[in-house]
Amino acid sequence: MLKLIKKVLKTGTATVGYPFTPLDLAPNFRGKPQYTAQQCIACGACANACPSNALTMTTAEDGETLRWQLFLGRCIFCARCEEVCPTAAITLSQEFELAVWRKEDLYETADFPICHCRECGKPYAVQKEIDFALSLLQESAALSDRQIADRRVQYETCPSCKKMHSLSSTDRIDIGRHMTTEARS
């Protein structure tokens, strides 16, 4: 018994004084997801990638907004949402102390207005996502304001109305294969 006590005293303390001293976390530690609603375009990539269904996107009761919701009680901190977000609106922080008194405090929500089709008036996409796509197009193609306004009409029209009114320029899309055979002499 004395040998055991001597060995324990020799090895020292095996635990950390955690609540009283902060923990040293690894730089790539995956903690609580930090969400920036101003940066989000509500594309839904994070909700599709979430394996635990902690992230959801649903249309609100009024049909005018799309609700993004994160439930930290289901989150497994896998960082899939961070990987797929095109605007880096979700990043995993170093925060890991998530104890709350009420379950409602584990929810984070954001609402985004839905764009209605210019032709039929049906809601079909988030306005912020359309604006983001147009801004990317303007930056990459250096289009004039007139061209962007024409594209806005196309982007703010639902696919069924585009098909019905032929707003999408399908004549420029070539889906055939062109094979040339040369006669060998």
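**Stop one: the aromatic pairs**

Start by selecting F96, which counts as partly exposed because its relative accessibility is 34%. Keep in mind as you click around that this is a predicted model.

How many aromatic pairs does a search of the whole structure find? It turns up 3, so let's look at another one of them.

Select F71 and Y107. Here the rings are stacked, with 4.4 Å centre to centre and 20° between the planes. F71 belongs to strand 3 and Y107 to strand 5, so this pair ties together parts that are 36 residues apart in sequence. Colour the two by accessibility: is each one buried or partly exposed? F71 counts as buried, at 13% relative accessibility, whereas Y107 counts as partly exposed, at 34%.

**Stop two: the nonpolar core**

Next, go for the largest nonpolar core, which has 25 residues. Select Y35, L55, W68, I90 and F112; these touch the most other members. Then show the elements that give two or more residues to this core: helix 2 (45-49), strand 3 (65-71), strand 4 (90-92) and strand 5 (107-116). Which of them gives the most? That would be strand 3, with 4 residues. As background, nonpolar side chains tend to be buried together in soluble globular proteins.

Centre on I90 and bring up its contacts. Leaving aside neighbours within four places in sequence, I90 is in contact with P33, Q34, Y35, C46, L55, W68, C81, E82 and C85.

**Last stop: a serine in a loop**

Finish with S52, in the loop between helix 2 and strand 2 (55-59). Is S52 buried or exposed? With 11% relative accessibility, S52 counts as buried. Show its surroundings, skipping neighbours within four places in sequence, and you'll find S52 in contact with R74, C75 and I76.

Note on methods
Residues are numbered from 1 along each chain as its sequence is written. This is a predicted model: local features need pLDDT of at least 70, side-chain atom pairs count only at pLDDT 80 or more; totals for chains, interfaces and linings use all residues. Side-chain values use heavy atoms; hydrogens and water are left out. A nonpolar core is a set of buried Ala, Val, Leu, Ile, Met, Phe, Trp, Tyr and Cys residues joined through side-chain atoms within 4.5 Å. Buried means under 20% relative accessible area, exposed over 50%, partly exposed in between (1.4 Å probe, protein chains only). Contact means heavy atoms within 4.5 Å. Rings of Phe, Tyr and Trp (its six-membered ring) pair if their centres lie within 6.5 Å; planes under 30 degrees apart count as stacked, over 60 as edge-to-face and the rest as tilted.
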